[in-house]
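Please keep the sequence and the structure open beside you while you read.

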Amino acid sequence: MDDDLLTIGAFAARARLSAKALRLYDRLGLLTPDRVDAATGYRYYRADQVERARLVALLRQLDMPLARIAEVAGAEGAEAAALLAAYWADVEARFASQRTLAEYLRGRLSGRSSEMYGKFTVETAEVPAQVVLAESRHILAEELPVWIPAALGRLEEAAAGCGGVAGPPYVVYHAEVSAESDGPVEACVPVVDEAAARAWAAARGRTRQASVRVEPARRLAYTRITKAQVVYPQIVAAFEAVEEWMRREGLAYDGPCREVYFADWDAAGPEDPVCDVAFPVR
């Protein structure tokens, strides 16, 4: 036996961890013993593994996923610090979103919904029939900020060969989208040339669940929101405000809800109007 190797008990004492924790780290692939005795199954560690053991334990206290722990523990110096900083920025963003959601739910539970809905002005608009290129996907809420601009970008690129874009792009929610429910969701771009659009869909559409259809003329009840209000859960309050207005006006649903994007997202500031939250009505 190498005199420099430590038994799991001695290593646990030096690392200020339990033997149970070290067995868990081994099972998870985060800290493997230097040697395991084939006959007894005893684990032996090197003294220079102590720092990694302590680091893994501290990172687990941050609720860091195992894959991220492996990345940080496997990096060195500035790279490891940058990986930790990126993870913590994600945590703080998620916490900020959860804090906003909690405030929103407190308003609902305390009966202040009408006060929240009063922040939104609801109007109606008539939208003519239009040919649309569409791309659909089952997707969770956390994936939407990446998928929506990517899907609309692909469709707008395809629209160039279909006579050009004929109206603002929009996203249709055919079922609930949340952390647990995955839609489906449909990205849509109106185009000029129906024949060219159908040719495009026949040639390449199936690769991304793309299709072409003629969307009938619709009446939309909508409220216009800013870039800051698009963030969840502010946007939920906007949808509910429109539904509450529909109930008061005696209007019925005539299709799934949607977000209509009419502004340059990248150029817009937090308080600039960028989107209409809308329901087709009759």
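Notes on the predicted model

1. Ala102 has its place in helix H5, where helices (H or I, at least four residues) and strands (E, at least two) are DSSP runs numbered from the N terminus. This is a predicted model, in which local features need pLDDT of at least 70 and side-chain atom pairs count only at pLDDT 80 or more, while totals for chains, interfaces and linings use all residues. Residues are numbered from 1 along each chain as its sequence is written, and side-chain values use heavy atoms, with hydrogens and water left out.

2. From C-alpha to C-alpha, Ala102 and Lys227 are 20 Å apart in space, and they are 125 residues apart in sequence.

3. Ala159 belongs to helix H7 and is buried, its relative accessible area being 0%. Leaving aside neighbours within four places in sequence, Ala159 is in contact (heavy atoms within 4.5 Å) with Leu133, Gly164, Val165, Val189 and Val191. Val192 is 33 residues from Ala159 along the chain, and the C-alpha atoms of these two residues are separated by 8.2 Å.

4. Asp26 lies in helix H2, which covers residues 19-28, and is buried, with a relative accessible area of 18%. Its side chain makes a polar contact of 3.0 Å with the side chain of Arg43; a polar contact is a pair of N or O atoms within 3.5 Å, and within protein one must be able to donate a hydrogen and the other to accept it, while residues adjacent in sequence count only if both atoms are side-chain atoms. Once neighbours within four places in sequence are left aside, Asp26 is in contact with Leu31, Thr32, Pro33 and Arg43.

5. The protein has 9 helices and 11 strands. Its radius of gyration (taken over C-alpha atoms) is 27 Å, well over the 19 Å that the globule rule gives for 282 residues, so the protein is more spread out than a compact globule; the rule itself is 2.2 Å times the number of residues to the power 0.38. Along the principal axes, the C-alpha atoms fill a box of roughly 85 × 55 × 35 Å, and buried residues make up 40% of the 282 residues.

6. The largest pocket holds about 1,600 Å³ of space. Of the 41 residues that line this pocket, the closest to its centre are Ala141, Leu144, Pro145, Val230 and Tyr232. On a 1 Å grid over the protein atoms alone, a pocket is an open set of points where a 1.4 Å probe fits, with protein on both sides within 12 Å along at least five of seven lines, and lining residues have an atom within 4 Å of a point. Grid points are joined across faces, edges and corners, and a volume is the space filled by probe spheres set on the points.

7. Which helix gives the most to the lining of the largest pocket? The answer is H7, with 7 residues, and among the other elements that each supply at least two residues are helix H5 (77-109) and strand E10 (258-261).

Note on methods. Buried means under 20% relative accessible area, exposed over 50%, partly exposed in between (1.4 Å probe, protein chains only).
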